[in-house]
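Take a walk through the fold below. We start with the overall layout, then move to the core and the loops around it.

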Amino acid sequence: MTITSTPENESKSLADLVTEDQLADEQKQASWKPVSSDYTGQCPQCARPRMLLCANGKHVCEKCQWCPEDNAYAPNI
Ligand SMILES: [Zn+2]
């Protein structure tokens, strides 16, 4: 009888996962950059006329960072 021992190393590459996460974060941050400095309207959250159009097509308030499309505050931009 032969015992075959195959010690397989199935540890996932943690470095790859971290890199993907960081890339996703960078893309997320880039998408929240205002595409122009022209204000597009009034913020429904703080009532200031400081809405800016972002690269992701959503609007965000320059003052309080409210995003009406997400109905939530935008991540740090
Ligand atoms: Zn606001």
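**Layout, core and loops**

Helices are DSSP runs of H or I with at least four residues, strands are runs of E with at least two, and both are numbered from the N terminus. Read from the N terminus, the order is α-β-β-β-β. The model is predicted: local features need pLDDT of at least 70, side-chain atom pairs count only at pLDDT 80 or more, and totals for chains, interfaces and linings use all residues. Residue numbers start from 1 along each chain as its sequence is written.

Begin with burial. A residue is buried if 20 or more other C-beta atoms lie within 10 Å of its own, exposed if 12 or fewer, and partly exposed in between, with C-beta atoms placed from the backbone. By that rule, buried residues account for 12% of the 77 residues in the chain.

Contacts come next. Two residues are in contact if their C-beta atoms, placed from the backbone, lie within 7 Å. Take the contacts between residues at least 6 apart in sequence: 15% of them join residues at least 24 apart.

Which residues make up the largest nonpolar core? There are eight: Cys43, Met51, Leu52, Val60, Cys61, Trp66, Cys67 and Ala74. Strand 1, strand 2 and strand 3 each supply at least two residues of this core. Such a core is a set of buried Ala, Val, Leu, Ile, Met, Phe, Trp, Tyr and Cys residues joined through C-beta atoms within 7 Å.

Cys43 sits in the loop between helix 1 and strand 1. Is Cys43 buried or exposed? Cys43 is buried, because 22 other C-beta atoms lie within 10 Å. Beyond its neighbours within four places in sequence, Cys43 contacts Arg48, Arg50, Met51, Cys61, Lys63, Cys64 and Trp66. Val60 is 17 residues from Cys43 along the chain, and their C-alpha atoms are separated by 8.1 Å.

Leu52 is another member of the core. Setting aside residues up to four places away in sequence, Leu52 touches Pro34, Tyr39, Thr40, His59, Val60 and Glu62.

Glu62 lies in the loop between strand 2 and strand 3. Glu62 counts as partly exposed because it has 17 C-beta neighbours inside 10 Å. Outside four places in sequence, Glu62 is in contact with Arg50 and Leu52. Pro49 is 13 residues from Glu62 in sequence and 9.0 Å away in space, C-alpha to C-alpha.

Now go back to the loop between helix 1 and strand 1, where Ser36 is found. Ser36 has 9 C-beta neighbours inside 10 Å, so it counts as exposed. Ser36 and Ala55 are 19 residues apart in sequence, and their C-alpha atoms are 9.1 Å apart in space.

Finally, check the backbone angles. Ala47 is not a glycine, yet its phi is positive, at about 70°. Ala47 belongs to the loop between helix 1 (14-31) and strand 1 (51-53). With 11 other C-beta atoms within 10 Å, Ala47 is exposed. Gln65 also has a positive phi, near 65°, in a residue other than glycine. Where is Gln65 found? Gln65 is in the loop between strand 2 (59-61) and strand 3 (66-67). Gln65 is partly exposed, because 18 other C-beta atoms lie within 10 Å.
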